[in-house]
Amino acid sequence: MTRSNAREIVLHLILDMDYTGEPAGSVVETRMEKDYYATLRAENEVYTDRPNQKQMQYIEAVSAGIQEKGAELRAYISKYAIGWKLDRISRLARAILELAIYEILYVDDVPASVAVNEALELTKKYESAEAVAFVNGILGAFFRGETEPAAPAKEPEEDAARAEEQPEEQPEEQPEEQPGEQPEEQPEEQPEEQPEERPEEQPEEQPEERPEEQPEEQPEEQPEEQPEERPE
């Protein structure tokens, strides 16, 4: 038998305890009686196998714990079933919620996520889709409101006592200055020199080549013409 099957048997025992008002031990003993247990196989496949010793311990402990913590479990359901009175919730849905909340709070070897998922699977098997959403909403609100760790508030008296226990801080002793010793001067940090921007070199202007001046040509001097001498 699996733990899921044992959990479903506990659900049936919760309904029996709620209906008969008998102690958990008596209800478990009646349902687990060999001949009676054999008749249950025809009604539900969960009774095909008998629980082993480990699963039997789980069934007995959880059934007794839910009966013992019943008022606390129902108070949590009322707190998070906003807008719903407890007597308006079906007995089966209420039993599934009690089982899941008890496992989250008190069964160490069942993770909270497993308890919620198993509760939803049981609701799907026995209830409508609307009931599945209802159970899921209540368990989600319960998990966020009751199991997420909150930062502990500090007690003022404890803080004051701790402050008294702390030794007074002694001022640090400054070393005496020795004469003649000059404190080492730290060189001032020089800003990094930025390289000077050099203007772009302009190519040298070449003087225009002027054509050599040619001396002006002087007209050739013509000899003066002498008048011809005429014979007298």
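In which hand does α1 pass α6? The crossing is right-handed, a term used when the near helix is turned clockwise from the far one by less than a right angle, with anticlockwise giving left-handed. That pair is one part of the structure described here.

The model is predicted: local features need pLDDT of at least 70, side-chain atom pairs count only at pLDDT 80 or more, and totals for chains, interfaces and linings use all residues. Residues are numbered from 1 along each chain as its sequence is written, and side-chain values use heavy atoms, with hydrogens and water left out.

Start with the whole chain. It holds nine helices and zero strands. Both are DSSP runs, numbered from the N terminus: helices are H or I of at least four residues, strands are E of at least two. Of the 232 residues, 30% are buried. Buried means under 20% relative accessible area, exposed means over 50%, and partly exposed lies in between, with a 1.4 Å probe and protein chains only. Contact means heavy atoms within 4.5 Å. Among contacts between residues at least 6 apart in sequence, 69% join residues at least 24 apart.

Now turn to α1, residues 3-20. Two packed helices are described by the angle between their axes and the distance between the axes. The axes of α1 and α4 come within 9 Å and cross at roughly 35 degrees. Axes are lines fitted to C-alpha atoms, for helices over the stretch in contact, and angles run from 0 to 180 degrees between N-to-C directions. This crossing is right-handed. From α1, the contact uses R3, A6, R7, I9, V10, L13, I14 and M17. From α4, it uses K54, Q55, Y58, I59, V62, S63, I66 and Q67. By class, the residues of this contact are ten nonpolar, three polar and three charged. Nonpolar covers Ala, Val, Leu, Ile, Met, Phe, Trp, Tyr, Cys and Pro; charged covers Asp, Glu, Lys and Arg; the others, Gly among them, are polar.

Q55 has 9% relative accessibility, so it counts as buried. Leaving aside neighbours within four places in sequence, Q55 is in contact with M1, T2, R3 and A6.

Back to α1 and α6. Their axes come within 10 Å and cross at roughly 120 degrees. That angle makes α1 oblique to α6. Under 35 degrees counts as roughly parallel, over 145 as roughly antiparallel, 65 to 115 as roughly perpendicular, and the rest as oblique. On the α1 side, R7, V10, L11, I14, L15, D18 and Y19 take part. They meet R91, L92, R94, A95, I96, E98, L99 and E103 of α6. This contact has nine nonpolar, no polar and six charged residues.

The loop between α6 and α7 (112-126) holds V110. At 6% relative accessibility, V110 counts as buried. Leaving aside neighbours within four places in sequence, V110 is in contact with R3, R7, E103 and A115. The C-alpha atoms of V110 and A100, ten residues apart along the chain, are separated by 10.0 Å.
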